[in-house]
Amino acid sequence: MVEHLRVTANGLDFHVLADGPRDAPPVLLLHGFPEGAAGWRPTMAALDGLRVYAPDLRGYPCSDRPRRGYDVFTLTDDVRLLIEALGLDRPALVAHDWGGALGWIFAHRFGPVISKLVVVNCTHPRTLVRAALTFRELQPLRIPWVLPFQVPFAPEFLLTTRLGRAGLRLSFTLREGSRGRMDRALVDELVGRFRSAADLGPPIDYYRAILATLVFPLSRARLYATYDRPIPVPVTLVWGLEDEALPSAVARDSFRDAGCDVEWRPLEGIGHFVDLEAPSLLAAEIERAVLVKSA
């Protein structure tokens with residue numbers, strides 16, 4: 001049975017889902033936008049032989065929602081201090097979408113704190129920015145929401161109207177690789193948590209903060225100095241090949257910026273939200289990366 005924990009880390013109160021035997025190898029799951037920890041529930045149910053924890057990250061419903069702190073340095077500090085607060089000894093880090101970006105950066109900053117990194121459908125951030133700047137694979141056109149999200153207040157207001165929430169729901173279901181595989185009730189639950197602009201503003205602030213980090217020279221230099229430290233733990237990149245926003249041709253270059261070998265694990269016929277569309281397949285990949293490779 002899934003447990004609901006309250007954990008204090010980095011001065012904030014986090015809601016954390018936990019499941020699995022307490023003496024099993026630990027795994028920390030980082031969700032993407034706009035899912036929240038609940039998006040991991042189907043994968044958690046399919047996992048066997050692991051102790052898994054899935055926090056609602058800073059600013060998401062069920063965890064604290066401060067006005068500031070949505071830059072990648074603060075967010076990865078949150079992850080490090082969550083690991084400490086949960087008492088985890090070198091957990092495997094499994095991360096999807098925005099959580100995947102944090103996973104890559106965390107492994108550069110705090111690699112020795114984890115045993116392995118498993119990223120699900122998230123290109124290395126440095127690789128993604130390079131692709132966007134060079135227009136490789138039409139990358140800027142594939143993620144058109146990034147620039148509109150920089151407008152203050154308007155995106156969260158529009159997306160939490162009745163019509164906006166319908167569009168948010170479509171942002172899940174239209175990105176399936178195989179139609180009809182997502183749990184629509186769970187998608188409705190994820191979208192339904194965003195009742196007002198105040199609920200959705202902090203998750204959108206992740207996009208505002210990363211652009212600010214890239215624009216301002218000092219923060220950009222700090223981030224790129226972080227990237228220059230090779231990731232010191234094994235890395236697996238699990239990829240739903242029908243992801244139209246993040247093309248696999250770009251994603252496969254992530255190993256160049258990780259500074260280490262990256263194992264490529266493609267999933268045919270699966271879209272961006274692997275955790276919602278193919279949780280059993282994803283659970284098998286996580287078990288393989290964490291359990292089989294540890295044997």
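Which charged end sits over the ring of Phe110? Select Arg80 and Phe110 to see. The charged end of Arg80 is the one, 5.2 Å from the ring centre. Keep in mind throughout that this is a predicted model.

**Stop 1: helix H3**

Phe106 and Phe110 are both buried.

**Stop 2: from H3 to H9**

The structure holds 11 aromatic pairs. For another of them, select Trp98 and Tyr206. Here the ring centres are 5.4 Å apart with planes at 85°, so this pair is edge-to-face. Trp98 belongs to helix H3 (residues 98-110) and Tyr206 to helix H9, so the contact ties together parts 108 residues apart in sequence. Trp98 is buried, as is Tyr206.

Now widen the selection. Trp98 and Tyr206 belong to one aromatic cluster with Phe33, Tyr60, Tyr70, Phe149 and Tyr207.

**Stop 3**

Move to Arg222 and Phe73. The charged end of Arg222 sits over the ring of Phe73, 3.8 Å from its centre.

**Stop 4: helix H7**

Select residues 162-173, which make up helix H7. At 1.5 Å a residue, its 12 residues should span 16 Å; the end C-alpha atoms are 17 Å apart, which agrees. Colour Gly164, Leu168, Phe172 and Thr173: these are the buried residues of H7.

What covers them? Show helices H6 (154-159), H8 (184-192), H9 (197-215) and H13 (274-277), which are among the elements covering those buried residues. H9 also carries Tyr206 from the second stop.

**Stop 5: the cysteines**

Pick Cys122 and Cys260. The structure has 0 disulfides. Cys122 is in none, and its nearest cysteine sulfur, that of Cys260, is 15 Å away. Cys122 counts as buried at 7% relative accessibility. Cys260 is buried as well, with a relative accessible area of 17%.

**Last stop: the annotated span**

Select residues 25-253. An unreviewed UniProt entry places the feature "domain: AB hydrolase-1" there. The end C-alpha atoms of this span lie 30 Å apart. Its make-up is 47% helix and 11% strand.

Definitions and conventions. Residues are numbered from 1 along each chain as its sequence is written. This is a predicted model: local features need pLDDT of at least 70, side-chain atom pairs count only at pLDDT 80 or more; totals for chains, interfaces and linings use all residues. Side-chain values use heavy atoms; hydrogens and water are left out. Helices (H or I, at least four residues) and strands (E, at least two) are DSSP runs, numbered from the N terminus. The expected span of a helix is 1.5 Å times one less than its number of residues. Buried means under 20% relative accessible area, exposed over 50%, partly exposed in between (1.4 Å probe, protein chains only). Contact means heavy atoms within 4.5 Å. UniProt positions are given in the numbering used here, feature names are shortened, and annotations may be inferred rather than shown by experiment. Rings of Phe, Tyr and Trp (its six-membered ring) pair if their centres lie within 6.5 Å; planes under 30 degrees apart count as stacked, over 60 as edge-to-face and the rest as tilted. A charge sits over a ring if NZ of Lys or CZ of Arg is within 6 Å of the ring centre and within 35 degrees of the ring normal. A disulfide is a pair of cysteine sulfur atoms within 2.5 Å.
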